[in-house]
Each structure stands twice: as C-alpha cells, then as structure tokens.
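Open the model in your viewer and keep the selection tool ready. We will go stop by stop, picking residues and saying what is there.

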Amino acid sequence: MAGYLSSVRKDIDRWREAGLIDDATASAIAAEAEAHHRRGFSLGSILALLAAILVGAALLLLIAANWEVFPRLARVAMIFVVILAGYGGGAVLKKRGQHAFAEGLWLLAAIAFGGGIALIGQMYHLSGDEADALLLWGGGTMLAAAALRSGPLTMGAALLAAAWMVYLTVEGGAGRSTPLIFPLLALPLWAISVWTGSVSARHLILMSLMLFAALLYLDRDITWALLLLAAVSAAVFAFAVLRAELAERVFGLGDGLAVQGLLGFITGMAIVQADRNDSQQFLLMAAVVFAGVVAALLLAGRGNRALRWTAYAGFIFELGIVYVMLLDTMLDTSGFFLIAGLTLALLAWLINRVERRIAAPRSDIAGEGA
Amino acid sequence: MKLHSRYLVAIAVVLALVQIGVLASMIMGRAAILRDGREVVLEVLPVDPRDLLRGEYVRLDYNISSLPIELFEGLDPDNADLATDIVHVRVSPNDEGIWEPVAARFGAAPQAVAAADEVDIRGGTFLRNVTGARIIAVDYGIERFYLPEGEGRAVEENLRERNFRMVVAVDDSGAAQIKAFYDGETLIYREPLY
C-alpha cells in the first residue's frame, strides 16, 4: 500500500508541475488517497494479531511443559477462562470500535481451543489422534470465524485445514493419505471468507487447493490432478482478464485473481514436467509454460504489478528447470533456448511497433517501470 | 448486519460455551472409559521419548502391539488389500495376569462370542496391504505416556531395566485408555478421572 501511496504522490507532483491541477486540488487528492488506504491496512491491527499469536504460543507451551505446580484441573479451567474471556471480551471491544484488540482476543481464544484439545490429549495419554485434533481445532475456528465475522479467524481456519491435509499426507497409513474431501472443506471456508470479507483467506484457500493437487500427485501418483490444476488455473486467469467485472463479483480478489491463475498454472505444469523429464512431452510442456508466462504478461501485465513479478519469477523458475534437466543434450537445450529467444525477440519487435504507433501522439509519457 | 452487531456479545458467549462444551465432552468421554471400562493388564515395552506440541512423553509398545498374521480371522495372506485399517483384537489373561492376544479381525470383532474373561480392544494399523506380512503392527491410541518436562529420559532408562505393566480401561466399543502404570508390583501412576 505504501508503494501505491508514494507513486500516487509522485504522479500528483508531476500533474501539479504540468499545471494540470492546482495546489489545493493536489493536496486534497493526496489527503484522500492517504485516508482511503489507511482504512484498508493498519499497523496497530497487525501488531495486535502478532501479540495474540505470541501469547497463544506461550499458552500452548505452558500446557506442553506439563508443569505439575499447576494441577491439571487448574489448567483445564485456565483454558476455559481464556476461551470465554477471549471471545466475550473481544465482542465487547468490537462493539466499542476497538477492532484490533477484539480480533487479537478472538485469535487468542481460538488458539486456546486448540490448546484445550492438546491438553486433553496429554491428560489422558492419547496417541495417534493428531489429525483428528487438527480437524476439530480447524472446525472450531471455522465456526468462530463465521459466528464472529472475523477475517483473521477465517485465515486461521484455512491454515488449520491445510495443516490437517498435510499432516494426513505426511503421517499417512492405510486410508490416511491426502484426504480427497479437502475441496469440500474449502467450500464452507470460501463461503465464510465471503461473509467475513477476508481477501487474504481466499488467497490462502486457493493456494491450499494448489497444494492439494500437488499432494495428490506426490502421495497418490494422480498426475491428472496437476493437469487439471493447470487447466483450471488458465481458465481462471482468462476469466479474470477477459471478464474482469464478473470475476471481481464472483471471486472478489481484484488483481490477485490473475496472479493466482498464473501461479496455479505454473505450479501444475512444472511438477508434471519434472515427472516427464525424459520424454518428448517435456519439450512441449516447457514451450507451453514459456508461452503461458508470456501470454499472461501481455494480457494482464500492464496494470498488475504482482502479476508481472509472478510472471518474472515463473519465467526464471522454468528457465532453471529446463536448464538443469536438459532436453536430452546440452545442444538440444541450447537450440530450444535459441528458438524461444528469437521468438520472443520477434514478438517484442512487433509489440514495440504497435505501442509506438498507439503512443505516438503522446510520446512524452514515460512507460511504467518494472 | 446490524442484527449481527447487536447480538455480537451473545454470539461470542454462545460460541465460547460451544467450544468449552466440546472440550468438556471430550473430557467426560475419557473419564467415562476410565470409570466404566473393563480393566486389562498389558506388558510394557519401551521405545523412546520425544517432544511435541503436547509436551514430553515416553513412547510405549505393548505385548499386543505386534501380532502374528495367523491370529487374524478371515484374512487371505496372498491377496490382502485392506478395506479398513481398523483392527479388533481379543485379549485374555494368562497365568501371570498379563492379557495376551487370542484372536483378531479387520473391520469387526472376532466372530466367536467373547468369553467372560475376554475383552475386545480396537486399534489401527498403518498397513495398506498385508500380502507376505508375518507380523502386523497395531496401535491402540495408548502408545504415549506424558510426563512433566525433563522426566522422559529418566523414566525411559528405568523402563529398559525393569518390567513394567499398564492397566488399561476398555469400553464397550473397544476404545482403550491408560489407567494405571506399575513398576513390577508397585503402582507408580494412577490416572485421576479428571
């Protein structure tokens, strides 16, 4: 956000010097931009949430230490008090307009719920139930996010759901690999993120779905999950770019949706590619990924800084994969890069010509950086 | 929206009570196994202590943790993709008072009706397929014994030197719960209900 504010300030200065706006308008615009963006992001809220996470970690470790000075019933009572005081106190603060501390207290209460589950496991010497414990914790947090309409709790629930999926995959046994029902879990999470207005939670959910596809491949050898991920991501990207208004109404992610589309496309393709590294398909996929990255830049890169950086990162990543894995021999790879480079150069030349023709009447306006 | 904000405190309190209720019901469920479950005595075979979120614990194995494949009913050892990872193990006491496995089955209790001195314990296995297996490892959810921080190593040393026994409570569904820990004949730990 600071980046946007400073670039807007530069623009305003330039417009004022060019005589497009007077001093009063310039300061009015600057003040409005600042006020508007302060609403979206507050350092105080972030610090309150970080504080809640630290206090929550202290609480979890206090339980883990199994400190006998504290009888276990006292520990249970402490957890119950933190849950009640956290949710209730947070609600009181929220009504008084203290949003930052309200969210912090709610987060602390949700952590205490997880601590309570862990404490019961410790009290009764339970073993082998960690996945169930994570799921219960995530479910409780999801309920809290919905009931309290809390963005940070929605993110917490999304993280716990992903942690549950990863735990089942990593500590798997019979019937305990990547849970196929994970996408179904993502649906209520998504609905709650709409209700709580949490854009960050939606990003987390999309990324956990990408992780789901990757785990399906790694744990169950389901390659088509990744191809599906790449295809769906490409479709989402096209939707975000071609039907921007509708996409905004459906996903509400702004510029981020195109970024997620590109990210999913690269993730899916790159892992499949690594799997097919000694076949003809590798060459084809490398070409598709490069073409996809370039297409993404051309279609949406102009006004979307995050997308540009994702595309650059994807380009370098893909270059690295092809460079390291090689297409048979170094000469073949060299030839592939040469053809790809010449194609791009031709494309750049064409685009430059078109841009110069469009921009000719206002040639003094500088292009956007990065 | 206005409605939500007006009742926010009430909603928060109900939410807190629901979560507290979930935790309390978990505690009551465990206490019920301890109070009403049948007692089974198992021999303890120590493994190693570790640290995790829930604190320091000793990992334990029992005399019923590794079962020979012959014990299992209705299992074709040459073609045995497992439809379930749930195992029901029937135990019965020997002359020294240690309960030994007498039968086991995947997915359901052994078919014969359990005798008065027999108890069925429910466990799980990490296998996907038992083709060619001679031994099946089963977990019962009682493989950890939590200790105050710093005591895990010492207890583990003792476990290696002497014979320990565990009294385990088992409810009707077969869920097992650690109840009392004996060093030979000496009681070193008894689980309070709450």
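**Stop 1: a tryptophan in chain A**

Select A:Trp106. Set aside its neighbours within four places in sequence, and A:Trp106 is in contact with A:Gly86, A:Tyr87, A:Gly90, A:Ala144, A:Leu148, A:Ser150 and A:Leu153. Note before going on that this is a predicted model.

A second, separate core has 35 residues, and B:Val89, B:Trp99, B:Ala103 and B:Ala176 are among them. Colour those four for later.

Now return to A:Trp106. Together with A:Ala109 and A:Leu262, A:Trp106 touches the most other members of the largest nonpolar core, which has 103 residues. Which helix gives this core its largest share? Select residues 99–123 of chain A: this is helix α5, and it supplies 15 residues.

**Stop 2: chain A as a whole**

Zoom out to chain A. Chain A has 15 helices and zero strands. Its C-alpha atoms fill a box of roughly 75 × 65 × 35 Å along the principal axes. Of the 370 residues in chain A, 37% are buried. Look at the contacts in chain A between residues at least 6 apart in sequence: 66% of them join residues at least 24 apart.

**Stop 3**

Select residues 256–275 of chain A. This is helix α12, with 20 residues. From first C-alpha to last, α12(A) reaches 29 Å, close to the 28 Å expected at 1.5 Å a residue. Is α12(A) largely enclosed or open? Of its 20 residues, 17 are buried, so α12(A) is largely enclosed by the rest of the structure.

Next, select residues 223–242 of chain A. This is helix α10, and its 20 residues should span 28 Å at 1.5 Å a residue. The end C-alpha atoms of α10(A) are 29 Å apart, which agrees. The buried residues of α10(A) include A:Leu226, A:Leu229, A:Val236 and A:Phe237. What do the buried residues of α10(A) pack against? Show α9 (199–220), α11 (244–251), α12 and α13 (280–300) of chain A: these are the helices they pack against.

**Stop 4: two loop residues of chain A**

Select A:Asp221. Its place is the loop between α9 and α10 of chain A. A:Asp221 is not a glycine, yet has a positive phi of about 60°. Is A:Asp221 buried or exposed? It has 9 C-beta neighbours inside 10 Å, so A:Asp221 counts as exposed.

Jump to A:His125. This residue sits in the loop between α5 and α6 (130–148) of chain A. A:His125 also has a positive phi, of about 50°, although it is not a glycine. With 25 C-beta neighbours inside 10 Å, A:His125 counts as buried.

**Stop 5: where the chains touch**

Show both chains. The contact takes 40 residues from chain A and 39 residues from chain B. On the chain B side, α2 (8–36), β2 (55–62), β8 (144–147) and β10 (176–183) each supply at least two residues. Which of them gives the most? Select α2(B): it gives 14 residues to the side that touches chain A. The residues of that side of chain B divide into 23 nonpolar, seven polar and nine charged.

**Stop 6: a sheet in chain B**

Find the open sheet of three strands in chain B, in the order β5-β4-β6, with antiparallel pairing. Strands β5 (99–106) and β6 (119–124) stand at the edges with a single partner strand each, so one side of each is left without a neighbour in the sheet. From one strand to the next, the twist averages 30°.

Select β4(B), residues 86–93. Seven bridges join β4(B) to β5(B), and the two run antiparallel. Pick B:His88, whose bridge partner in β5(B) is B:Arg105. Then pick B:Arg90, whose partner there is B:Ala103. The hairpin of β4(B) and β5(B) has five residues between the strands, and B:Gly97 takes a positive phi near 85° in it.

**Stop 7: a second hairpin in chain B**

Finish at β10(B) and β11(B). They pair in the antiparallel sense over four bridges. B:Asp183 stands opposite B:Thr186 in β11(B). This hairpin has two residues between the strands, and B:Gly184 takes a positive phi near 60°. Now select residues 186–190 of chain B, which form β11. How many of the five residues are buried? The number is zero, so β11(B) lies largely in the open.

Conventions: Residues are numbered from 1 along each chain as its sequence is written. Chains are lettered from A and ligands numbered from 1 in the order in which they are written. This is a predicted model: local features need pLDDT of at least 70, side-chain atom pairs count only at pLDDT 80 or more; totals for chains, interfaces and linings use all residues. Two strands pair if DSSP finds at least two bridges between them. Axes are lines fitted to C-alpha atoms, for helices over the stretch in contact, and angles run from 0 to 180 degrees between N-to-C directions. A residue is buried if 20 or more other C-beta atoms lie within 10 Å of its own, exposed if 12 or fewer, and partly exposed in between; C-beta atoms are placed from the backbone. Two residues are in contact if their C-beta atoms, placed from the backbone, lie within 7 Å. The expected span of a helix is 1.5 Å times one less than its number of residues. Ala, Val, Leu, Ile, Met, Phe, Trp, Tyr, Cys and Pro count as nonpolar, Asp, Glu, Lys and Arg as charged, and the others, Gly among them, as polar. A nonpolar core is a set of buried Ala, Val, Leu, Ile, Met, Phe, Trp, Tyr and Cys residues joined through C-beta atoms within 7 Å.
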